[in-house]
Amino acid sequence: MHFAFTADQIELRDGLRDLLVEVCPPAVVRAAWSPSPEPVRLLWKQLGAVGLLGLLAPETAGGMGASEIELVLLLEECGRFAVPGPVGEHIAAAVPALAIAGAPEAARAITGEAITTVREAASDRVRWISTADLLVHPDRGGLRLTARTDLDVERQLSSVDRSVPSARVIPRRTRDLPGADAGLFRRRATLAAAAQLIGLADRMIAMASDYVKVRTQFGVPVGSQQSVKHLLATALVSLEHARPVVYRAGWVLAAGGADPGPAISFAKLYATRAADLAARTALQCHGAIGYTWEHDLHMWIKRVWTLGTAWGTPAAHEDIVASAVLDARY
């Protein structure tokens with residue numbers, strides 16, 4: 001059996017990477033830290049134009065009809081470029097739910113005219129609230145839709161990543177999304193976070209590697225020191241262990257197995273660990289400059305911290321994986 005990605009899937013990934021080089025340089029990520037949602041809105045329309053936002057929506061609804069296998073590959077690229085906005089929540093969770101329910105808002109979400117964020121079942125925090133037009137949230141075992149204009153913002157919440165404005169909200173008028181699966185919604189969103197985390201890790205390791213090649217100390221490049229090589233090698237090994245775990249979780253979810261939960265939790269746990277190690281390693285290799293506001297590294301590090309606790313903490317996912325292994329059900 002051949003488990004590698006197909007030539008078409010690799011071409012799709014490479015095409016997205018080429019686009020993001022052009023439309024999502026670090027300057028765009030930095031601009032998203034401003035109070036204005038316009039940088040995200042412009043980027044959303046560009047991503048909608050190439051079909052990314054409708055990746056999991058059926059072709060009959062105007063989407064690409066792809067699977068979670070393509071999802072992990074493309075959202076890894078979004079993580080690599082630290083794409084601002086609720087990209088994982090929108091693509092993986094919200095748009096498929098809108099499409100399966102036949103909601104008229106699905107068309108606008110697929111084209112990027114409407115930005116959709118989501119709320120986790122166990123959390124009262126809504127991320128990306130100031131950039132979103134729509135909110136999809138679980139309720140009584142199903143999913144409901146609320147327009148941004150029908151939300152009362154109870155309290156703004158601080159976020160270490162200032163491109164991720166968050167708040168506690170109270171929906172005033174909501175609408176049911178019939179046929180939408182709340183369990184699948186949660187698993188897809190968790191997988192999306194894991195995929196972005198391995199992309200973030202990859203980019204930070206590359207940033208650190210490039211920096212230590214040109215930064216000199218005592219007349220030689222910092223990267224020539226064995227201790228620095230070991231730091232980066234350890235971070236890279238952690239990433240290379242996490243990446244196939246995330247890819248496998250995408251395959252398990254796409255295959256429609258009986259219980260994909262442990263695979264999804266395993267992916268989120270490994271991706272979070274790899275990204276956290278990459279962040280700490282990159283910061284250590286950069287030294288004091290890595291702390292500065294002017295350097296781009298801090299935006300990638302803070303996105304890791306934000307996604308690392310989204311859709312379940314490492315401790316919560318450890319419990320799921322441990323239960324599956326110890327109960328011999330996995």
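Strand β2 and strand β6 (residues 166-171) run antiparallel and are joined by three bridges; strands (E, at least two residues) and helices (H or I, at least four) are DSSP runs, numbered from the N terminus. The model is predicted, with local features requiring pLDDT of at least 70 and side-chain atom pairs pLDDT 80 or more, whereas totals for chains, interfaces and linings use all residues. Residues are numbered from 1 along each chain as its sequence is written, and side-chain values use heavy atoms, without hydrogens and water.

Within this pairing, R125 lies opposite R168 of β6. The strands belong to an open three-stranded sheet of order β2-β6-β5 with antiparallel pairing, where two strands pair if DSSP finds at least two bridges between them. β2 (125-127) and β5 (151-157) form the edges, each pairing on one side only.

Pockets were located on a 1 Å grid over the protein atoms alone, as open sets of points where a 1.4 Å probe fits, with protein on both sides within 12 Å along at least five of seven lines; lining residues have an atom within 4 Å of a point. Volume is the space filled by probe spheres set on the points, which are joined across faces, edges and corners. The largest pocket has a volume of about 420 Å³. It is lined by 18 residues, of which R186, T190, W311, G312 and H317 are the closest to its centre. Two or more lining residues come from each of β2, α7 (182-214), α9 (261-286) and α11 (314-326).

The second largest pocket holds about 230 Å³ of space. Among its eleven lining residues, F3, A4, F5, I69 and W251 are the closest to the centre. Helix α8 (residues 226-255) gives the most to this lining, with four residues.
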